[in-house]
Amino acid sequence: MTAPAPTPEQAALLRVLICDEMNPGNLHHDGFQIDYQGNMDRAETLRRLPEYDALITRSRTKVDRELIDAAGPRLKVIGRGGVGVDNIDLDYASLRGLLVLNAPESNNVSAAELAVMHLMAAARGLTRSDRLTRAGEWDRKYLGLELKDKTLGIVGLGRIGSIVADRAQGLRMNVVAFDPYVPDSKFERLGVTRAATLDDLLSQVDAITVHTPLTDETRGMIGAAQLARLRRGAIAVNAARGGIIDEQALVDALHSGHLFAAGVDVFVDEPPTPDHIFLHAPNLGITAHLGANTVEAQERVGAEIVSRVLDALHGDVSKGAVNAPALDAKTMEALGGYLTLGEKLGRILSQLLPGAHDVEVTFRGEFPADPAPVVTSVLVGYLSGSTDETPNMINARALARERGVNIAIREEGDSPDYQTEVIVKVTGGDGQKERTRTVGGTVFGRNPRLTRLRDFRVELEPDGYILIASNQDKPGAVAKLSTLLGSWGVNIAGMALGRAEKGGQALFTLTLDDALTPGQLAQVRELDVIDSAYLVRV
């Protein structure tokens with residue numbers, strides 16, 4: 001028996017399939033047919049998906065090549081309830097022109113409250129007392145800690161870190177935070193003291209909690225050396241991502257008694273093996289990555305992802321986009337190299353001056369198309385690795401506004417040295433000590449070139465690791481630095497020189513095959529021929 005043909009009214013509806021368990025809220029929206037079947041088996045999903053314009057999942061359903069290919073040409077949007085999109089083949093979805101959305105803000109309060117719960121449980125020895133009491137030992141001599149008037153250090157003052165700060169202040173704690181990507185205005189608005197460096201924060205707090213994304217920069221950022229800088233008897237909490245606090249270092253600090261207690265909601269590898277070091281560590285509270293697992297968060301995440309998917313099907317992709325929809329082919333052909341250049345310039349500046357409050361982009365010359373999208377690509381590069389969400393061509397401007405970043409665009413008729421040039425200047429500071437950093441570049445064919453650092457002209461490919469050093473224009477500086485790098489086995493792939501005037505301030509850049517350790521960079525800065533040195537990764 002065949003199903004009856006849809007009526008014209010039914011055929012005109014945009015259809016959405018929800019194939020994982022969630023609380024999607026209202027399923028009745030004009031112009032849409034939303035079908036909810038939690039825990040739909042894969043064979044059924046593969047069979048039915050070609051009938052739908054959008055698919056909404058949680059983490060259970062693997063949206064891989066097989067499923068995307070089975071969807072056919074009708075599917076336009078994939079929604080993921082929650083933060084992560086690990087179950088979705090993003091590259092292939094993007095290749096097929098599918099927009100992927102998520103709802104990362106829905107669990108912010110729940111995640112923040114779990115971190116505060118771990119903080120309070122650690123302070124009062126909840127895990128220890130629960131274990132002993134269940135074993136028949138009534139230990140009333142244990143002394144916990146009050147949090148009132150203690151100082152909490154927050155690493156990462158994004159959405160979740162900001163909520164933690166608010167809750168901690170409600171507990172009458174003093175709050176200090178380290179986040180080089182957040183402007184001073186946000187610290188002032190939240191009433192949070194800014195720590196200039198991570199070491200500065202660690203030296204003055206009684207407890208620490210981390211709320212940063214997991215990147216190459218943040219992986220293991222709290223290791224043995226950092227934990228040792230905390231006051232003896234401090235508390236450490238990680239309810240963000242496994243590996244931000246080094247697991248072995250945390251356990252060692254608990255065993256030695258340097259840490260009073262700790263709480264974790266995340267592991268490097270999940271679920272943990274039965275012999276995982278956390279499971280046998282003293283005074284360590286553990287939860288099973290429950291940050292988003294509250295009734296309220298699940299209600300919000302379901303309703304939010306449905307709302308965003310429906311908006312996207314109507315053309316509004318301003319919220320929750322994980323991958324940017326492709327610009328039209330004509331624009332990509334004209335500006336592709338400049339979009340890559342803009343992102344690289346932004347990424348360089350994010351390392352030279354994080355936390356800027358002003359970004360100014362100047363276009364010189366006649367561009368093959370309206371260069372406005374290049375401004376967005378600059379913001380994508382500048383914000384990469386510094387936000388709770390992954391910046392892209394859709395959300396970068398909104399993320400910049402959220403962080404209090406002002407954006408200015410200037411156009412000049414021509415460039416004195418190149419047919420076209422993009423110059424980006426960022427400004428940051430506390431109003432009393434403002435700093436600026438400027439970089440510029442152009443495109444040869446479709447290949448980006450770095451053309452300006454500060455007021456110096458350079459020309460090199462912005463790839464890999466770039467060592468930027470300034471010195472007085474005297475013989476021997478490059479030779480001394482090259483000798484030092486050679487002694488470490490670090491190969492120089494390229495070099496560019498620039499100077500303001502003969503015998504004056506000079507600048508040179510070296511493209512390196514490998515990174516330098518913090519200790520090696522410190523030795524570079526100690527050379528008598530070097531005034532300053534910075535290493536950036538592009």
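At 1% relative accessibility, D20 counts as buried, where buried means under 20% relative accessible area, exposed over 50%, and partly exposed in between, with a 1.4 Å probe and protein chains only. This is a predicted model, in which local features need pLDDT of at least 70, side-chain atom pairs count only at pLDDT 80 or more, and totals for chains, interfaces and linings use all residues. Residues are numbered from 1 along each chain as its sequence is written, and side-chain values use heavy atoms, with hydrogens and water left out.

To continue with D20: its place is the loop between strand 1 (14–18) and strand 2 (32–36); helices (H or I, at least four residues) and strands (E, at least two) are DSSP runs, numbered from the N terminus. The side chain of D20 makes a polar contact with the side chain of R60 at 2.9 Å, and another with that of T61 at 2.6 Å. Such a contact is a pair of N or O atoms within 3.5 Å; within protein, one must be able to donate a hydrogen and the other to accept it, and residues adjacent in sequence count only if both atoms are side-chain atoms.

I turn now to salt bridges. The whole structure holds 29 of them, each a side-chain nitrogen of Lys or Arg within 4 Å of a carboxyl oxygen of Asp or Glu. D35 pairs with R15, with 3.1 Å between the closest N and O atoms. D35 lies in strand 2 and R15 in strand 1, so this pair ties together parts that are 20 residues apart in sequence. R15 is buried, at 15% relative accessibility.
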